[in-house]
Amino acid sequence: MSFAAVLAQVGGMGRFQALHTALLVLPLLLMASHNLLQNFTAAVPPHRCRPPAAPNATRGPNGTRGGPPPPPAAPPELGPCRRYAAPNATEPCRDGWDYDRSVYVATIVSEWDLVCGYRQLRQMAQSIYMAGVLVGALVLGSLSDRFGRKALLMWSYLQLGVTGTCAAFAPNYAAYCVFRFASGMALSGFGLSVACLVVEWIPTPYRAITVAITGFAYTLGQILLAGVAYAVPHWRWLQLAVSLPFFFFLLYSWWLAESARWLVLSGKAETAVKVLQRVARINGRAEEGEKITAEILKADMQKELAGMKSSYTVSDLVRTPAIRRIFLCLSIVWFCISFSYYGLAMDLQNFGVSIYLIQVIFGAVDFPAKVVVTISLSYIGRRVTLVVSLLSAGLVIIANIFVSTELQTVRTALAVIGKGCLSASFNCVFLFTTELYPTPIRQTGLGFGSTMARVGGIVAPLVKMMDEYYPFVPPVVYGAVPILSAVAAGFLPETLNVPLPDTIEEVETRYKQKQMEDTKEKIPLQAQDKALQKEA
């Protein structure tokens, strides 16, 4: 009997799983708020050069005001970055800028003058945040496999609440970037822990729909961000509004259950028994739960325990052939999806419509996309669904190149469809990753996948910078990359209705069995060909 049978014994998909998943999914509403926050906190309001201040009048020897008369009014400015210093001479905006505050009351751009010669610092802040998410995936992913999912989840909630609040009160740009980096680390940590806790407590038949629910929470969070940003136009209060709720999430996280599967494989069978008995009581299966003992649990998972070793590292992702193949393909897919996704999602001000409206549209399109992909994941399979989603996204983005710039509505619609396909792809690869990696390295593998996604998020703005010189390059690259990842996804094994693997050896065994089946299928075909040749 495997852990799947133990899970069925304590109630399968019962009351505990529903409540546990709901409490884990709730914080995901604010994950999109932090990832896409700079669309609003770093929005660039219309601005112009501030005219020079009139010099103070000087005092005469007897204390009376005197001196030369004030200079004539300065000529009008020349664009947002230069002004006239004389009738035929211009100069930079030496006295700062005046900003139109009718839409954005205050952003980091208007507060710290991140325009003109300093405009690169705006993108730098987002890249620093994504770098924090990358470091968090590397560090916290492996720590979660070592110290447990729940412990890292609680730490991530605390860190995100503290650093997010500190970012709201940052006195300068440098401090803001430091706190955003730490927030990115924490967000990555809680995202990975939530993923594993959700998947490891859900029976195989319900896993696809559960992962879809987590995806819908992220989608709803995108729409929620637009509403909160519209209601709270000051960037400091907006930063605070999306950070303080994590203290509430920390308070109720004490109730959450550690992964029993991880506890057993970490040599904590007694603790796993207590957790399983608690789950059984909540599910109304207390009598079945009392039958579980540490000895029975170890005997049921003897095969998994036999394949365990004392510790696992990132090197285990490339040590064996089957895991190495999965690792390489998933790394390509994670990078490519995130690269194209953030290339579209972080460019809302260039669509020519209200930034709040386009944020709602970009979020709303995910609902139908994820409904379709959830049905496809459950009935067609993970691999085919992922490949089709990636191909569709790439082709739609490339098709946008051939649409006239005058047809802004059509171009926006195609971008929205492409973003929906990429969001659906995120759902697919998220579920796929948790199902392909075995328990001891699942969090590490998911963490490295998230790392590759963050690398894609960091690189995406760099490609967008080429738009000034070669306007056709960004859409071509954003469209070609998903098509490339679809090819890589085609080499992944199907996991529809397959139990979660608990050891690396189990994954390798499945890979060898698949190879043997493919060989057996080829041999009869070869024999038939030889027989036909003889007859001929």
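**Salt bridges in a predicted protein model**

At 17% relative accessibility, E506 counts as buried, where buried means under 20% relative accessible area, exposed over 50%, and partly exposed in between (1.4 Å probe, protein chains only). This is a predicted model, in which local features need pLDDT of at least 70 and side-chain atom pairs count only at pLDDT 80 or more, while totals for chains, interfaces and linings use all residues. Residues are numbered from 1 along each chain as its sequence is written, and side-chain values use heavy atoms, leaving out hydrogens and water.

**Overall make-up**
- The protein has 24 helices and 7 strands; these are DSSP runs numbered from the N terminus, with helices (H or I) of at least four residues and strands (E) of at least two.
- Of the 536 residues in the protein, 52% are buried.

- The structure holds 4 salt bridges, each a side-chain nitrogen of Lys or Arg within 4 Å of a carboxyl oxygen of Asp or Glu.
- One of them joins R510 and E506, at 2.9 Å from N to O.
- Both residues lie in helix α24 (residues 504-535), 4 residues apart, about one turn of the helix.
- R510 counts as partly exposed because its relative accessibility is 28%.

- D366 and K419 form a salt bridge at 3.1 Å, N to O.
- D366 is in helix α19 (residues 366-379) and K419 in helix α21 (residues 408-436), 53 residues apart.
- Both D366 and K419 are buried.
- E435 pairs with R382 in a salt bridge, with the closest N and O atoms 2.8 Å apart.
- This pair links E435 in helix α21 to R382 in helix α20 (residues 382-399), 53 residues apart.
- E435 counts as buried at 3% relative accessibility, and R382 counts as buried at 2%.
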